[in-house]
Each structure stands twice: as structure tokens, then as C-alpha cells.
Amino acid sequence: MKGFAMLKIGETGWVEKERPACGPTDAIVKPLAVAICTSDIHTIGGAIGERHNMILGHEVCGEIDEVGSLVKDFKKGDKVLITAITPDWSSVEAQGGYPMHSGGMLNGWKFSNAKDGVFSEYFHVNDADGNLSLLPEGMTPEEACMLSDMVPTGFHGAELADIQYGDSVLVIGIGPVGLMSVAGASLRGASRIIAVGTRPKCIEVAKLYGANEFLSYKNGPIDEQVLKMTNGKGVDKVIIAGGGVETFSEAIKCLKAGGKIGNVNYLGEGDNVLLPRLEWGVGMGHKTVFGGLMPGGRLRSEKLGSLVSSGRLDVKPLITHVYHGWDELPQAVKIMGEKPADLIKPVVVFYK
């Protein structure tokens with residue numbers, strides 16, 4: 001089979017590999033559509049270290065081509081959602097409530113990290129009964145790709161920040177994940193959502209998902225702007241979906257005492273996250289920082305799929321660029337790295 005791979009840091013290209021083998025609890029799936037993620041671009045740039053000829057991609061909707069002998073709930077021909085995080089559900093970490101870290105920190109993230117990803121004619125899914133879910137009636141494969149990573153990661157930011165009814169919330173970064181953080185905060189009952197972003201297309205879509213007010217990091221420190229907007233009080237909760245290691249300092253400075261920060265931003269560079277001593281209440285301000293990889297798995301995928309199929313969540317505004325066929329996949333990866341003003345998510349479809 002062929003796949004689009006990271007050949008080495010900074011270099012991509014096509015590779016030929018053997019079709020993956022199917023274990024007794026596994027599935028082999030062929031893609032119907034894939035989406036490109038900023039994390040793919042970080043990976044190519046070396047954020048997770050050197051990889052040689054590793055097939056990229058973790059956002060996909062597919063059709064099952066083979067299942068293992070012990071798989072109970074799925075069969076060849078089923079169209080399925082696959083989360084970007086595919087835990088080993090019998091692990092002690094999963095039993096302890098942290099499936100995304102099954103087998104070690106971040107080891108639930110397998111695609112294009114610990115093994116080949118989904119930008120190939122066939123790909124392997126471990127623990128099929130725990131990590132697949134059926135494509136809901138009426139949902140397109142393009143929409144389903146948003147449920148691989150963007151929706152569950154953005155919503156996890158709202159979960160980590162513990163958004164409650166009536167909360168004021170700051171969302172830092174309104175790329176695809178940040179937009180879904182806005183949507184998640186709105187669905188959880190936030191009354192005021194201030195979004196940090198500059199691209200007009202993202203601001204337009206953020207309004208659709210429930211953002212009330214906007215600010216730009218180009219106009220000065222985020223915390224100073226937020227404190228001015230809130231008459232010096234700050235916000236109840238912060239979701240970090242963009243920025244760098246320095247962003248945490250600004251988030252702490254504009255967070256109320258007792259507030260919570262949920263970080264779902266992939267920190268691709270920098271050595272340390274620094275928290276400002278005074279604004280952290282000299283260590284006693286009850287300002288809590290949570291950072292987490294989204295859980296993944298079948299149950300989460302089914303629940304998020306029901307939000308879309310019921311009309312409670314519309315993911316179509318995320319999909320701004322659609323490509324067709326394997327020949328256009330490199331262009332989709334390229335445009336995700338370039339991030340033109342009108343881009344949110346590029347998707348490549350392989351069905352007619």
C-alpha cells in the first residue's frame with residue numbers, strides 16, 4: 001500500500017509499505033476522508049522528535065476492510081468514526097480514568113506518533129470495539145473527520161476548565177480546536193465568552209459558536225485587555241487552545257481567584273511553563289491549571305456524533321477546503337502549514 005509520510009524532520013513524501021496485519025481485537029480500515037491537523041505540521045517540523053518514513057495523519061472517517069476474530073460489534077463494510085486517540089482500554093491507566101495515557105504518558109496517541117497514521121490506503125486500529133463507532137445516519141465522512149480530534153479536543157478544554165452555567169470564559173486561540181472550545185463552553189452554559197483571535201474567518205465562525213467578544217494579541221498583552229474589559233475583575237475560566245509557553249502567564253493574570261485553566265494546546269517548543277508568582281496568589285490563589293490530551297474512544301465518539309446528528313452541533317463551518325483523491329493530499333498538507341486567511345480545516349475525500 002502507499003502512504004504519505006514524514007521521511008525525516010522537515011521532509012515529506014510517498015512511501016510504499018506492507019498492509020498492516022490485523023490482530024484478534026483489531027480492525028483494518030480504509031479511509032473515506034481524512035483531515036489535516038496543525039499537529040501534523042508540528043510533527044513534520046520535529047516537535048515529537050525524529051521519525052523516518054512514518055505515515056502521517058490521525059483525523060479520519062473510514063470503512064472497515066477486516067476485523068479480528070474477537071471483535072464483537074463491527075464487521076467488514078461498516079463505515080466508522082475513529083478518534084485520533086486510540087487507548088488500550090484494558091490497561092491499568094484506562095481503569096484509573098486516564099485512557100489517553102494507556103501504557104505511559106500520551107501513549108494513547110498512537111497514529112503518526114507510535115505507529116503509522118491514517119494517510120494511507122489502509123490503516124490499523126487497535127482495540128476495535130473500544131475505539132470505533134458507527135457513522136451516524138446522515139453524517140458525511142467530511143463531517144465525521146471533525147469528530148476525530150477537533151471536536152473532542154476542543155470540548156475537552158471546556159471540561160478541563162470546568163465550565164459552569166453563567167461563567168465568564170476566555171478562549172485563547174480560535175483555530176479549529178479553539179472554535180470547538182467556544183462551542184463546548186457555550187453548550188456547558190457560559191454566559192460570556194471572550195475569544196482571542198485575529199483572522200476574520202475564524203472570528204466569523206466563533207460568533208456562530210457563541211463567542212460574544214473578541215480581542216487581538218496584536219493590540220497588547222491579553223491579560224491587560226481582559227482586565228480592562230471586565231473592570232479589573234478577570235474571568236472565571238480560561239481555555240488555552242493556542243499560543244506558546246508564555247501564554248500561561250497571561251492566563252493566570254486575568255483569572256479570578258478560584259478560577260481554572262484548561263489547556264488543550266500542543267506546546268511544540270519551549271522548555272518551561274512559568275506562572276507569575278504574585279498573580280498566582282503567591283502560590284495560594286486557588287488558580288488551577290489543567291492540561292490534558294483528550295480521552296478518545298467509542299463512547300465519547302458516539303456521544304459527540306449524537307450532538308451533530310441531533311442538530312445541537314454543526315461542524316460544517318469548520319470545513320473550508322475540500323480536496324479529492326490521493327494526488328491532492330500533499331497540497332492539503334501544504335495549505336495547512338501555510339494557513340491562508342480563509343482556512344480553518346482542509347479535508348481530502350476518497351469516495352464518490
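Predicted model: local features only at pLDDT ≥ 70, side-chain atom pairs only at ≥ 80, totals over all residues.
Close-up 1. With a relative accessibility of 32%, Leu275 is classed as partly exposed. Together with Leu267, Val273, Trp280 and Val289, Leu275 makes up a nonpolar patch on the surface, and the accessible area of these residues together is about 340 Å².

**Close-up 2. The buried and exposed faces of helix α8.** Within α8, which spans residues 222–229, the buried residues are Ile222, Asp223, Gln225 and Val226. These residues lie on the same side of α8 because the arc they cover around the axis is only 160°. The exposed residues Glu224 and Lys228 are carried by the face of α8 that is turned away from the buried side. On the buried side, the residues of α8 pack against the strands β9 (168–172), β10 (192–196), β11 (213–215) and β12 (235–240), and also against α9 (247–253). Asn231, which follows α8, has a positive phi, near 55°.

Close-up 3. Cys37 takes part in no disulfide, and the nearest cysteine sulfur, which belongs to Cys145, is 12 Å away. Cys37 is buried, its relative accessible area being 5%. For Cys145, the closest cysteine sulfur is that of Cys61, at 6.1 Å, which is too far for a bond; Cys145 also counts as buried, at 0% relative accessibility.

Notes: Residues numbered from 1 in each chain as written. Heavy atoms only, no water. Patch = residues over 30% accessible without salt bridge, like charges linked within 9 Å, V, L, I, M, F, W, Y side chains within 5 Å. Areas by Shrake-Rupley, 256 points an atom, 1.4 Å probe, with all protein chains shown as cover. Salt bridge = Lys/Arg side-chain N within 4 Å of Asp/Glu carboxyl O. Buried < 20%, exposed > 50% of the residue type's maximum accessible area, 1.4 Å probe, protein only. Helix = DSSP H or I, 4+ residues; strand = E, 2+ residues; numbered from the N terminus. Arc of directions from axis to C-beta. Contact = heavy atoms within 4.5 Å. Disulfide = S-S within 2.5 Å.
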